[in-house]
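Subject: A structure for you to look at

Hello,

Here is the structure I promised to pass on. Please open it and keep it beside you while you read my notes below.

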Amino acid sequence: MGHNREVGARGEDLAAEFLESTGMVVLERNWRSRYGELDLVAQDGAVLVFVEVKTRTGLGYGSPAEAVTRAKAERLRRLAGLWLAEQNRRWSRIRIDVVTVLLRRGHAPAITHLRQGL
């Protein structure tokens, strides 16, 4: 496994733990279709939440949230629709959030939850 993949997997683990600590329930991790991947699918009370996790080890390439471009946001919306089409349950409220994780040597992970980030 490459460094970037390890960093991403660590960030997703931390994001899932963080969301669960706030009372959310992670329903699915790393759901894949031929069009891409949803990092996390979670339930926040009666709301279904699709979560994009962005992890960085520094700010040299900008903040993790800056990595979520307009094209990425559109792809996430499309993937959310595909995921929903596979489900038997109907959800009255849906949102797409971004969780950023900054992993810097010698510092505790910095986690930010941007609700309805897209």
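Let me begin with strand β4, which is mostly covered: eight of its ten residues are buried. Buried here means under 20% relative accessible area, while exposed means over 50% and partly exposed lies in between (1.4 Å probe, protein chains only). Helices (H or I, at least four residues) and strands (E, at least two) are DSSP runs, numbered from the N terminus.

Before going further, please note that this is a predicted model, where local features need pLDDT of at least 70, side-chain atom pairs count only at pLDDT 80 or more, and totals for chains, interfaces and linings use all residues. Residues are numbered from 1 along each chain as its sequence is written, and side-chain values use heavy atoms, with hydrogens and water left out.

**The strands**

Two strands count as paired if DSSP finds at least two bridges between them. β3 and β4 run parallel and are joined by ten bridges, with Arg 56 opposite Leu 102 of β4. β2 and β3, in contrast, run antiparallel, with five bridges between them. Here Asp 44 faces Val 47 of β3. These two strands make a hairpin with two residues between them, and Gly 45 in that turn has a positive phi of about 65°. β1 and β2 also pair in the antiparallel sense, over seven bridges, and they too form a hairpin with two residues between them. In this pair, Val 25 has Gln 43 of β2 as its bridge partner.

Is Thr 55 buried or exposed? You will find Thr 55 in strand β3, and it counts as buried because its relative accessible area is 11%. Contact means heavy atoms within 4.5 Å. Leaving aside neighbours within four places in sequence, Thr 55 is in contact with Val 7, Gly 8, Gly 11, Glu 12, Val 101 and Leu 103.

Gly 23 sits in the loop between α1 and β1. Gly 23 counts as exposed because its relative accessibility is 53%. Gly 23 and Asp 44 are 21 residues apart in sequence, and 7.2 Å apart in space, C-alpha to C-alpha.

**The nonpolar cores**

A nonpolar core is a set of buried Ala, Val, Leu, Ile, Met, Phe, Trp, Tyr and Cys residues joined through side-chain atoms within 4.5 Å. The largest one has 16 residues, and those with the most contacts inside it include Ala 15, Leu 40 and Val 101. Two or more residues each come from α1, β2, β3 and β4 (93–102), and the largest share, five residues, is from α1. Apart from this core lies another, of eleven residues, among them Trp 31, Phe 50, Ala 80 and Trp 91.

**The largest pocket**

A pocket is an open set of points on a 1 Å grid over the protein atoms alone, where a 1.4 Å probe fits, with protein on both sides within 12 Å along at least five of seven lines; lining residues have an atom within 4 Å of a point. The largest pocket holds about 520 Å³ of space, a volume being the space filled by probe spheres set on the points, which are joined across faces, edges and corners. This pocket is lined by 22 residues, and Asn 4, Arg 5, Gly 8, Ala 9 and Glu 12 lie nearest its centre. α1 gives the largest share of the lining, seven residues.

Enjoy exploring!
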